[in-house]
Amino acid sequence: KQRFILPAQNHWQAITYRLGLWWYDQKAGLPKNERHRYLGKKRFGEALPGFKGKATKGLSYLDASFADQGFLSALWMEMDTHAPHVLNHARVRGLKALGNTWEIRGVDEFDGTPFSLLANHVLNATGPESIKNMEEWGFSCPHRMVWSQGSHLLLKGNFVDWKEALVVPVSQGRVFFMVPWQNKWLAGTTE
């Protein structure tokens, strides 16, 4: 799990954040040692040495974190015990409803081998391409995906001496974040 620091610029902002994180802790069912913590001036400075923002206090909370490769391997092994088809680098060329099942036609992008299979459930995890793909497969899409306006950068080096991630609300529901990841920092904005 990754610990995040949420700076607060004043007492009332700290109270507001603390109420929100208290609710988050309750919904997540976290044990006492994993719940959010208030950071006064001293503990805030220890958590984010050299921080240059206006905040001098904040809160610390845990969020989920996992190793991508280990998670993917475990997921594929679990899926294999239930006999699904697991495809990687496969391009779906057609999707057709057949009563309670789906016929999926596609091609293996490594060797060009075409495939066809039946499935009870299909998950379209194609991100920004999902609408284009659904229309290409012959489905109407009354609900359009809203494009996010976040940007992300992967920064090399240890230019800050922090062990915790940082998340700072900036405006209109957007946040700036910096998260340590594999001896680098993932920095960016998101909604």
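The questions and answers that follow concern a predicted model.

Q: What makes up the protein chain in terms of helices and strands, and in which order do the elements run from the N terminus on?
A: The protein chain has 4 helices and 10 strands, and from the N terminus on its elements run β-α-β-α-β-α-β-β-β-α-β-β-β-β. Of its 191 residues, 27% count as buried, a label that requires under 20% relative accessible area. The chain exposes about 13800 Å², of which carbon and sulfur atoms supply 56%.

Q: Why are β1 and β8 said to pair?
A: Two strands pair if there are at least two bridges between them, and strand β1 (residues 2–8) and strand β8 (residues 165–171) have 2 bridges, in the parallel sense.

Q: What makes β9 and β10 a pair, and how do they run?
A: β9 and strand β10 (residues 184–190) are joined by 7 bridges and run antiparallel, where at least two bridges are required. Phe176, for its part, has Thr189 in β10 as its bridge partner.

Q: What is the strand order in the open sheet, and why are β2 and β7 called edge strands?
A: The open sheet has 7 strands in the order β2-β3-β1-β8-β9-β10-β7, with mixed pairing. The edge strands are β2 (37–39) and β7 (151–156), each of which pairs on one side only. From one strand to the next, the twist averages 25°. Helix α1 (residues 11–28) lies across β1, β2, β3 (57–63) and β8, and runs at about 15° to β3.

Q: How do you know which accessibility label belongs to Phe51?
A: The relative accessibility of Phe51 is 23%, and because buried means under 20% and exposed means over 50%, Phe51 falls in between and counts as partly exposed. Phe51 lies in the loop between α2 (41–47) and β3. Leaving aside neighbours within four places in sequence, Phe51 is in contact with Pro7, Phe44, Trp162 and Leu166. The C-alpha atoms of Phe51 and Trp162 are separated by 9.5 Å, although these residues are 111 residues apart along the chain.

Q: What makes the pair of Lys42 and Glu46 a salt bridge?
A: Side chains of opposite charge can pair when their charged atoms come close. The closest N and O atoms of Lys42 and Glu46 are 3.7 Å apart, and the cut-off is within 4 Å, so the pair is called a salt bridge. Lys42 and Glu46 both lie in helix α2, 4 residues apart, or about one turn of the helix, and both are exposed.

Q: Why does the pair of Arg91 and Glu136 count as a salt bridge, and where do the two residues lie?
A: The closest N and O atoms of Arg91 and Glu136 are 3.8 Å apart, which is within the 4 Å limit, so the name salt bridge applies. The pair links distant parts of the chain, with Arg91 in strand β4 (residues 90–98) and Glu136 in helix α4 (residues 130–136), 45 residues apart. Arg91, at 25% relative accessible area, is partly exposed, and Glu136, at 41%, also counts as partly exposed.

Terms used
Residues numbered from 1 in each chain as written. Predicted model: local features only at pLDDT ≥ 70, side-chain atom pairs only at ≥ 80, totals over all residues. Heavy atoms only, no water. Axes fitted to C-alpha atoms, helices over the stretch in contact; angles between N-to-C directions. Contact = heavy atoms within 4.5 Å. Buried < 20%, exposed > 50% of the residue type's maximum accessible area, 1.4 Å probe, protein only. Areas by Shrake-Rupley, 256 points an atom, 1.4 Å probe, with all protein chains shown as cover. Salt bridge = Lys/Arg side-chain N within 4 Å of Asp/Glu carboxyl O.
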